[in-house]
Amino acid sequence: MTREPVQFMSHHTKVEYKLPAPSLLSIESAKQLAAGRVVGHKCPECGKVYVPARGYCPLCVIETTAAHEVEVQPRGIVTTFSVITPLQYQGQEEHDDYAQATILLAGTDSTISMQRLDGIPIDDVRTGMRVEAVWLPESERSASPEGAARGFGLGRAITGWKLTGEPDAPVEEYGEHIL
Amino acid sequence: MRDVAIVSFAQAPLDQPPGQTETMMLIPTITEALGNVGLTRKDVGFTCSGSADYLTGSTFTFVSMLEAAGAWPPISESHVEMDGAWALFEAWVRCQHGDVDVALVFSSGRAGLGHDLRETLLFQFDPYYLAPLGADYVSLAALQADAVLERTGKTERDLAEIVVERRRAAKANPYATISGDYTVDDLLAKDPVAGVLREHDIGPPVDGAAAIVMVAGDRARDLCDRPAWISGLDHRVDPHYPGVRDLSVSPSAKLAGEKAGAAGVEVAELAAVCSHEELVLADALGLGAGCAINPSGGAVVGNPMMVTGLARIGEAANQVMKNGKSKALGHASSGPCLQQNLVCVVEGRN
């Protein structure tokens, strides 16, 4: 009785990690979001506004703090998007195709990605769409900074983005921010 | 070969705000390292960093850490999924090309985030024969401790004495996690955690960040009164499988030491995360009785993984730059039971 040489071996592994203690910055951002405010930091040197705030300006490489906090309106332009067909791997929670958008919020210089679109059929999704936030009811918003990775930091309060009804933005308005 | 010197070394302080990111630890560390010699990020010709995504469990973490180096306009940089000591090696090689005079090396790690570093490090093993054994780095270190104690005739007391000395020396090092006056009997009163190794024999995994600035040629003398000239730099690796090695000796450390010219160093900073590793390394590197070992406290007083080796090289460089030494050695290690070893020898010249 001959046996075929082993060609494949299953190697299932699992490793656990602790979530890092939330930074003071993410605790503050979470509180603001629960109160319905989208805030970021404005660099004192170059004046660029980053949402969510990182605690530093990546261009000037200087620290930014609560002293540099600014509020921005929860509305913006879709700069780019992907339509994802979720691979059904073990542990996958998504089943239907969905669009994931990158949005340039008005008054900011950094984009937020991994945002969901609300009530927009996939075939209608296009760059330049003007959108505004769809908020969870205030009582359901989480002020906890845990799960901060969801929706680029906004997922605890904003579930998606819907069309404002305005005409699309011309590419000149957002072209510099397409990744 | 171009003469390259270490002119500055900086580390992130232990006291960090809660949830501090690696990028935020690195920004002031890099600013300080460059500022020590009057340089800014704009003066850097090549940047190399070291880190390991497995420590935090996120992918491509080192990409965001690059922002600490000021990566716009785009910079010439590279990264190694290794201790920063190997990033220093790559930066040294880059300086040999002749077109880059100033190199920035940095590394960081958050080794405390894994549920248990012993579990995380199982991923470094061959998945067919080694990983399924679940032989973690501490258990394997205990095997090596047995082997070296048997070969040398030394005992657990000797290991505890090493720890007592390192913790005392660490009182002068604000970047050491554990420091203070302990007695051998106090330490030996605790139960072992693996083989003969007790908790005090194993450097605690902690968060950390460090940066080193290297300058080639005469420019080093313009920027620094007493540059730590790299007179030797070499790294070697032993077989992956601990089972085919004589764990009581380290042929790779011995060869790296010879090639780097370790003979006659006055000070040796060894990345011995476990106390018995100092015995293996001192033997392999031929360190004489006159050589001071780990005046910083070494790695048994704190193991900021990915930074530990770079910090040893930085401490050795400081012995030349700030403490008047003429020849010092910084060592880094990777893999189970000192599998891979890097030796950097630095000299002061008058």
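Two strands pair when DSSP finds at least two bridges between them; strands (E, at least two residues) and helices (H or I, at least four residues) are DSSP runs, numbered from the N terminus. This is a predicted model: local features need pLDDT of at least 70, side-chain atom pairs count only at pLDDT 80 or more, and totals for chains, interfaces and linings use all residues. Residues are numbered from 1 along each chain as its sequence is written, while chains are lettered from A and ligands numbered from 1 in the order in which they are written.

**View 1. Three strands of chain A form an open sheet.**
Start with the order of the strands, which is 2-1-5, with antiparallel pairing. Strand 2 (49–50) and strand 5 (69–72) of chain A are the edge strands, and each pairs on one side only. Look for strand 1 of chain A (residues 38–42): four bridges join it to strand 5 of chain A, and the two run antiparallel. One residue pair to find is A:G40 with its bridge partner A:V70 in strand 5 of chain A.

**View 2. Strand 6 of chain A meets strand 7 and strand 9 of chain A.**
How many bridges link strand 6 of chain A to strand 7 of chain A? Eight bridges connect strand 6 to strand 7 (residues 98–105), in the antiparallel sense.

**View 3. Chain B has an open sheet of 10 strands.**
Follow the strands in the order 3-2-4-7-1-8-12-11-9-10; their pairing is mixed. Strand 3 (77–80) and strand 10 (292–293) of chain B stand at the edges with a single partner strand each, so one side of each has no neighbour in the sheet. Inside this picture, strand 2 (residues 46–50) and strand 4 (residues 102–110) of chain B are parallel partners over five bridges. B:S49 has B:F106 in strand 4 of chain B as its bridge partner.

**View 4. Two helices of chain B lie across strands of chain B.**
Two residues are in contact if their C-beta atoms, placed from the backbone, lie within 7 Å. Axes are lines fitted to C-alpha atoms, for helices over the stretch in contact, with angles from 0 to 180 degrees between N-to-C directions. Helix 1 of chain B (residues 22–35) lies across strand 1 (4–11), strand 4 and strand 7 (207–216) of chain B, at about 30 degrees to strand 7 of chain B. Helix 12 of chain B (residues 308–321) lies across several strands of chain B, including strand 8 (228–237), strand 11 (327–334) and strand 12 (340–347). The angle of helix 12 to strand 11 of chain B is about 175 degrees.

**View 5. Helix 1 of chain B is largely enclosed.**
A residue is buried if 20 or more other C-beta atoms lie within 10 Å of its own, exposed if 12 or fewer, and partly exposed in between. Of the 14 residues of helix 1 of chain B, 10 are buried, so the rest of the structure largely encloses this helix. The buried residues include B:M24, B:L26, B:I30 and B:A33. What do the buried residues of helix 1 of chain B pack against? In chain A, their partners are strand 3 (56–57) and strand 4 (62–63); in chain B, they are strand 1, helix 3 (61–65), strand 4 and strand 7.

**View 6. Chain A and chain B are in contact.**
Chain B brings 20 residues and chain A brings 18 residues. On the chain B side, helix 1 and helix 5 (117–120) each supply at least two residues.

Most residues other than glycine have a negative phi, and most peptide bonds are trans. The bond from A:V51 to A:P52 is cis, with omega near -5 degrees, and A:P52 sits in the loop between strand 2 and strand 3 of chain A. B:W72 and B:P73 are also joined by a cis peptide bond, with omega about 0 degrees; B:P73 is in the loop between helix 3 and strand 3 of chain B. B:N294, in the loop between strand 10 and helix 12 of chain B, has a positive phi near 50 degrees. For B:L338, in the loop between strand 11 and strand 12 of chain B, phi is positive too, near 55 degrees. B:N294 is buried, with 25 other C-beta atoms within 10 Å, and B:L338 is buried with 27.
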